[in-house]
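Here is a short briefing on a predicted model.

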Amino acid sequence: MNNIPVRITIEDDLHICPECGYKDGFHTSFIRQTKEQCKIILICPSCHARFDPDWMVYV
């Protein structure tokens, strides 16, 4: 398993893992970028592949 998140683009919908085909969505993880900002990472509950949709959250 690769721990480096793969960059992913979301077209219309993203609930199926492109790595293994799991169909029930993703877990989320947060990686702190700055004191006020975290990157959101999607993790497949089945194969544990990690994806980076380039989303940020301000905390």
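Strands here are DSSP runs (E, at least two residues), numbered from the N terminus. Two strands pair if DSSP finds at least two bridges between them. The model is predicted, with local features needing pLDDT of at least 70 and side-chain atom pairs counting only at pLDDT 80 or more, while totals for chains, interfaces and linings use all residues. Residues are numbered from 1 along each chain as its sequence is written, and side-chain values use heavy atoms, leaving out hydrogens and water.

**Hairpin of strand 3 and strand 4**
- Six residues lie between the two strands of this hairpin, and His48 takes a positive phi near 70°.
- Strand 3 (residues 37-43) and strand 4 (residues 50-58) run antiparallel, joined by six bridges.
- Ile40 stands opposite Trp55 in strand 4.
- Cys38 has Val57 in strand 4 as its bridge partner.

- Two bridges pair strand 1 with strand 4 in the parallel sense.
- Arg7 faces Asp52 of strand 4 across this pairing.

**Tyr22**
- Tyr22 sits in the loop between strand 1 and strand 2.
- Tyr22 counts as partly exposed because its relative accessibility is 27%, between the limits for buried (under 20%) and exposed (over 50%), with a 1.4 Å probe and protein chains only.
- Its C-alpha atom is 7.5 Å from that of Cys44, 22 residues apart along the chain.
- Beyond four places in sequence, Tyr22 touches His15, Ile16, Cys17, Cys44, Pro45 and Ser46, where contact means heavy atoms within 4.5 Å.

Conventions: Helix = DSSP H or I, 4+ residues; strand = E, 2+ residues; numbered from the N terminus.
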